[in-house]
Amino acid sequence: MIHYKFSCSNPSSQFLEIELSLDCKANEHIFLQLPAWRAGRYQLANYAQNIRRFRIKDAQEENVLFEKASKDRWEFQTTESGKVTVCYEYWAGKMDAGSAWADEEQIYVNLINCCFEVSGRSEEEIEVSLDLPKFPELVSTLLPNGASRWKARDFQMLADSTILAAKSITHWKYQIESTLFHIWIHGEVHFDQQLILNRFKSFSRKLIADFGEFPELEYHFIFQLLPYAHYHGVEHRRGTIITFGPAESLIDPNQMEELLGISCHELYHGWNVCRIRPQELLPYDFSKETYTRTGLILEGITTYMGDLYLLKSDVYDLPTYLKHLEKIIARESSNFGWKNYNILESSYDLWLDGYVPGIPDRKVSIYTRGALLALGIDILLIKNGSSLSEVMKLLWEKFGKPFIGYHWEDFESLIFGSFSDPTEIQRYFSDFVYGYQDLFPQLKSLLGEIGLELNEKNGEDRLLHNWGIRTNKEGQITQIHPDSKAYSSLMRNDRILGYSEHDTPSLNLKIDRLGRELPIEIPFETGKFFPEFKLEIAEKTALRETWGK
Ligand SMILES: [Zn+2]
């Protein structure tokens, strides 16, 4: 049996004291592998940076010698058989949905941050106990196993779990079909319980109806409602952690929509990613980078469906849904990464620069580009008598439910197979999924099929819309449209000291380029750069009825 015990004698230090005990044979060679990343974030996190005071003791309390075999791998050899205890401290000083935090109110740990995989024993059951008497309210996505105790069936389950021990937690619950859903809230509650429960029930019920079943009998929404601005969610098989703030802002219906959006997104992951998972991520190998090209499915479809199911379940009305879709469109419309890297290449490179802005227009976002690609695929499917929801249900039945990994080709052939004549969808994939074409003209025409107009207009900012120059409040250039004339003479980070476009048809600027003052003249152009996109509701079509239902 592998056992983890957590305590925290000084929460304000933010160091957790962790003891890992395991029974070993005589002369056994043990490797302890700490995860280098976590599910849902395809980027090295190097949790070993947060570990200190690592010691190993045998059953007689004698020190056991150990060595590091890599930055996050430790090894040791036993002499006699018996219990060995590995003691270390973990710094719980990062509050987000995938990390760990300690203060006078709570001890909160995502176990993947700080629990070792014992090589060769990944399938063994693991028990977790807490010695945190000052924090009596306990929540975990693990399986309960007595007072302050839980268990994980194996390391994959342990690494997929969270523990929250706090002085006080708000707890509500609701049941849909055979699943009991819990809502746990740490932090201030500034909204009505019944209103929230009704909305959560609506989108949960609709998702379960469309997939046919929910993978788990119990599911925990664990909210950290913080006093400062925050927005983050992480999916787990038996629940989700959502950090959101400021808690007070949830009085505002717009902010509540954001919270509902992230909640529905994470619940969708309960099927897609937690169970419907590409073969390369099943099981997760947390010791090193695991490359996948399936970002469109992992996050694009989930981002699209997370919002769409709020519409389908009547939590959002159509104007509210479109307001959120406009935000995705706005983010996509100012990124030209699609000219250089398609979504498969961008997905593969998540490990390189997936979570930073990176160099200009190098890559696309698997979230926003992925969501718009998914919207296009959905409309094409609906035109052909199917839908993306139906294809995802097929993926659930063929791969998610039996929990066998899919390949990209399986997804593609399920989509193509839903068309009597796949010519149109094949062209869509070759232009926009595999290719480097501008999605917007196609999106406009597809939205028209469901009675929605995507209109563009230029706003007041002439530097931006006429000349293609985006600046921040300090006048520093943050982006130059690659098709603008300005792209040939201005540089990112130039600071505009002044400009005039009155005397001549050209634009005359004075700029500061790293301490040098330079005059720049940009020849006349009638650009229509960075338009603002607005979605308008046109005449209702039969396809829109099907799409939103
Ligand atoms: Zn997600």
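Axes here are lines fitted to C-alpha atoms, for helices over the stretch in contact, and angles run from 0 to 180 degrees between N-to-C directions. With that in hand, let's work through some exercises on this predicted model.

**Exercise 1. Describe how helix 9 and helix 10 pack, and say which residues meet.**

Solution. 
- Step 1: Start with the geometry. Helix 9 covers residues 388–400 and helix 10 covers residues 408–416; their axes are 10 Å apart, at an angle of about 135°.
- Step 2: Classify the angle. Angles over 145 count as roughly antiparallel and 65 to 115 as roughly perpendicular, with those under 35 being roughly parallel and the rest oblique. Helix 9 is therefore oblique to helix 10.
- Step 3: The crossing of helix 9 past helix 10 is right-handed.
- Step 4: List the partners. Helix 9 brings Leu-388, Val-391, Leu-394, Leu-395, Lys-398 and Phe-399, which meet Asp-410, Phe-411, Leu-414 and Ile-415 of helix 10.
- Step 5: Sort them by class. This contact of helix 9 with helix 10 has eight nonpolar residues, no polar ones and two charged ones.

**Exercise 2. Work out how helix 4 is oriented against helix 8, and what classes of residue make the contact.**

Solution. 
- Step 1: Find the angle. Helix 4 (residues 295–312) and helix 8 (residues 368–383) cross at roughly 70°, and their axes come within 7 Å.
- Step 2: Name the orientation. Helix 4 and helix 8 are therefore roughly perpendicular to each other.
- Step 3: Look at the residues. Helix 4 contributes Leu-296, Gly-300, Ile-301, Thr-303, Tyr-304 and Leu-308, while the helix 8 side includes Gly-370, Ala-371, Leu-373 and Asp-378.
- Step 4: Sort by class. The contact of helix 4 with helix 8 divides into nine nonpolar, three polar and one charged residues.

**Exercise 3. Characterise the interface between domain 1 and domain 2.**

Solution. 
- Step 1: The domain assignment gives 2–168 for domain 1 and 172–454 + 536–547 for domain 2.
- Step 2: Count the contact. In domain 1, 35 residues touch 33 residues of domain 2.
- Step 3: Take the area. Domain 1 and domain 2 bury about 3100 Å² between them, with 62% of it on carbon and sulfur atoms. Trp-37, Tyr-42 and Ala-97 supply 26% of the area that domain 1 buries against domain 2, more than any other three residues.

**Exercise 4. Locate the backbone exceptions around helix 3 and helix 4.**

Solution. 
- Step 1: Recall the background. Most residues other than glycine have a negative phi, and most peptide bonds are trans.
- Step 2: Find the cis bonds. One joins Gly-245 and Pro-246, with omega about -5°, and Pro-246 sits in the loop between strand 20 and helix 3. Another joins Leu-282 and Pro-283, with omega about -10°.
- Step 3: Check phi. Val-273 has a positive phi of about 105° although it is not a glycine.
- Step 4: Compare places. Pro-283 is in the loop between helix 3 and helix 4, and Val-273 lies in the loop between helix 3 and helix 4 as well.

Methods. Residues numbered from 1 in each chain as written. Predicted model: local features only at pLDDT ≥ 70, side-chain atom pairs only at ≥ 80, totals over all residues. Heavy atoms only, no water. Helix = DSSP H or I, 4+ residues; strand = E, 2+ residues; numbered from the N terminus. Contact = heavy atoms within 4.5 Å. Nonpolar A, V, L, I, M, F, W, Y, C, P; charged D, E, K, R; others polar. Left-handed = near helix turned anticlockwise from the far one by under 90°. Domains from an automatic or database assignment. Buried area = accessible area lost by both parts, 1.4 Å probe.
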